[in-house]
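Please keep the view open as you read.

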Amino acid sequence: MKKAIEVSDLHVSYHGKQVLEHVSFQFECGNLIGIIGPNGAGKSTMLKGLLGLIPKDAGSITFGNEHVDAVRKKIAYVPQRSNIDWDFPIVVKDTVLLGTYPRLGLFRRPKKADKEWALACLEKVGMEEYANSQIGELSGGQQQRVFLARALAQEAAYFFLDEPFVGIDVSSEEVIIKILKDLRDEGKTIFVVHHDLTKVEKYFDGLVLINKELIDAGPVKQVFQPEKLQKAYQSPFTGLGMLGVGV
Amino acid sequence: MEFIQDLMNYGFLQKAFVTSIMVGIICGVIGSFIVLRGMALMGDAISHAVLPGVAISYMLGINYFYGAVVTGVLTALGIGVISQNSRVKSDSSIGLVFSAFFALGIILITRAKSATDLTQILFGNVLSVRTSDMWLTLIVGAVVLLAVIIFYKELLVSSFDETMAAAYGLRVRLIHYGIMVLLTLVTVASLQTVGVILVVSMLITPASTAYLLTNRLSVMIGLASFFGALSAVLGLYISFLYNMPSGPVIALATTAIFIIAFIFSPKQGVLWRAVRGNRHRAAIGK
């Protein structure tokens with residue numbers, strides 16, 4: 001399999017404070033990877049660090065042997081819902097259309113074919129009947145599906161989703177995870193910042209477990225182990241038995 | 001009606017008319033982005049901060065346009081430097097920088113010229129627009145409109161979801177400072193019509209009015225321009241009729257239009273909200 005991403009000894013600080021240290025891992029293409037860790041572990045920061053949106057202090061990140069700037073147009077990002085202004089004057093189909101912008105580049109405008117493509121992506125997430133609704137009129141799950149449609153419209157190779165399952169309904173969560181798994185099967189690489197440990201084994205192929213530094217990264221079976229989780233969450237993990245993790 | 005006749009007869013009135021309409025349009029366009037990006041205070045700051053640039057241009061005997069652009073951009077950079085390199089929050093750094101520039105501007109203006117000029121720059125006097133000022137406004141307006149048309153896609157996506165835009169490689173910092181430059185240009189173009197103190201009303205109020213009326217950015221920009229131009233013409237008319245400074249009159253015209261939309265907007269207006277709320281409660285009551 002082709003190598004998708006390689007991170008070696010990444011250090012990231014934010015406003016002059018060390019947030020992440022000693023992060024190294026690599027994954028091949030066609031993996032659905034969860035980034036997990038306690039609150040304040042630096043999960044979102046790591047996502048932004050991987051994308052080169054905040055400067056790194058040390059270390060290197062390569063996407064299939066290339067620098068991130070060489071593959072930017074192939075990177076789709078789905079923000080945390082709390083980071084979006086839901087009153088913004090934009091309707092659902094135009095939100096999805098934003099996904100075609102990277103391909104269009106400067107100066108070119110979306111044509112009819114691009115608009116049809118955006119609608120097709122909207123259908124994939126089952127939201128076509130809301131095409132003309134303002135995004136703030138949707139429920140949380142619907143909003144998340146629209147943003148996933150935008151990522152689909154981008155025809156990216158790398159997908160980065162920041163807490164996509166927070167505060168959304170069960171059926172939306174099922175739609176989203178199914179699409180992510182389909183993308184994975186097509187050979188895409190998907191990173192998902194996630195905090196609900198109950199579904200980790202069901203959802204992901206690989207895991208990056210962090211708490212201000214890398215605890216472990218690799219296949220779920222290797223990383224999702226009680227002693228490693230305890231180390232990350234730094235408290236006796238009494239709930240692990242309930243989660244089906246042998247203690 | 002008499003006003004229309006005067007408009008036909010008097011050259012100074014025609015210039016004022018053309019200038020006000022252009023100012024209304026470009027303030028509406030840039031104002032829409034300022035409102036959506038949550039930069040209202042920044043707009044106020046830049047407009048105040050062009051003052052020392054105007055004064056220095058007077059002293060050097062060059063067009064006030066150049067000095068104003070320089071101090072406007074310096075302000076935007078200064079605010080960025082302070083808020084990114086210290087714990088001082090962004091609204092405080094805005095207040096800190098622009099009050100300093102504004103104070104310096106007032107001192108320089110009173111040194112350079114008489115007090116009547118200061119009043120005109122602060123509060124606007126659209127009836128004193130010269131032919132060269134009109135052309136300046138038209139050219140600046142054309143540049144601003146062209147920039148927004150060319151980079152509409154980039155302005156839209158970076159205003160809506162800056163992280164996504166940055167992730168796919170858009171230079172969002174550059175866009176931010178680009179908007180600051182356009183904002184400075186708009187302020188300079190509006191100087192004679194509304195004056196530096198009240199430019200912010202032309203930037204914020206028509207755009208906010210439009211914001212209450214539509215769910216599409218393109219429509220919002222169109223409506224904001226229309227309300228801006230309408231306010232400017234109303235302001236010109238009243239200021240001509242009753243011999244009042246044009247800036248405050250225009251500012252109040254924008255506010256009047258906003259209040260109408262605030263009450264009667266079909267989706268966001270307080271009136272229909274109350275009606276819908278009552279109906280809903282009545283339906284539950286049954």
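Predicted model: local features only at pLDDT ≥ 70, side-chain atom pairs only at ≥ 80, totals over all residues.

Residues are numbered from 1 along each chain as its sequence is written, chains are lettered from A and ligands numbered from 1 in the order in which they are written, and side-chain values use heavy atoms, with hydrogens and water left out.

Chain A brings 36 residues into contact with 25 residues of chain B, contact being heavy atoms within 4.5 Å. About 2,500 Å² is buried between chain A and chain B, with 66% of this area coming from carbon and sulfur atoms; buried area is the accessible area (1.4 Å probe) that two parts lose on being put together, summed over both. On the side of chain A, the residues that lose the most area to chain B are Phe88(A), Pro89(A) and Tyr101(A), which together account for 27% of what that side buries.

Have a look at Arg216(B) and Asp94(A), whose side chains form a salt bridge at 3.6 Å, N to O. The side of chain A that touches chain B is made up of 19 nonpolar, 6 polar and 11 charged residues; here Ala, Val, Leu, Ile, Met, Phe, Trp, Tyr, Cys and Pro count as nonpolar, Asp, Glu, Lys and Arg as charged, and the others, Gly among them, as polar.

Next, the cysteines. With a disulfide taken as a pair of cysteine sulfur atoms within 2.5 Å, the count over all chains is 0. Cys29(A) counts as buried because its relative accessibility is 14%, and Cys27(B) is buried at 0%; buried means under 20% relative accessible area, exposed over 50%, and partly exposed in between (1.4 Å probe, protein chains only).

Finally, the backbone. Most residues other than glycine have a negative phi. Yet Asp9(A) has a positive phi, near 50°, and is partly exposed at 37% relative accessibility. Glu155(A) also has a positive phi near 50°, and its relative accessible area of 39% makes Glu155(A) partly exposed.

Conventions: Salt bridge = Lys/Arg side-chain N within 4 Å of Asp/Glu carboxyl O.
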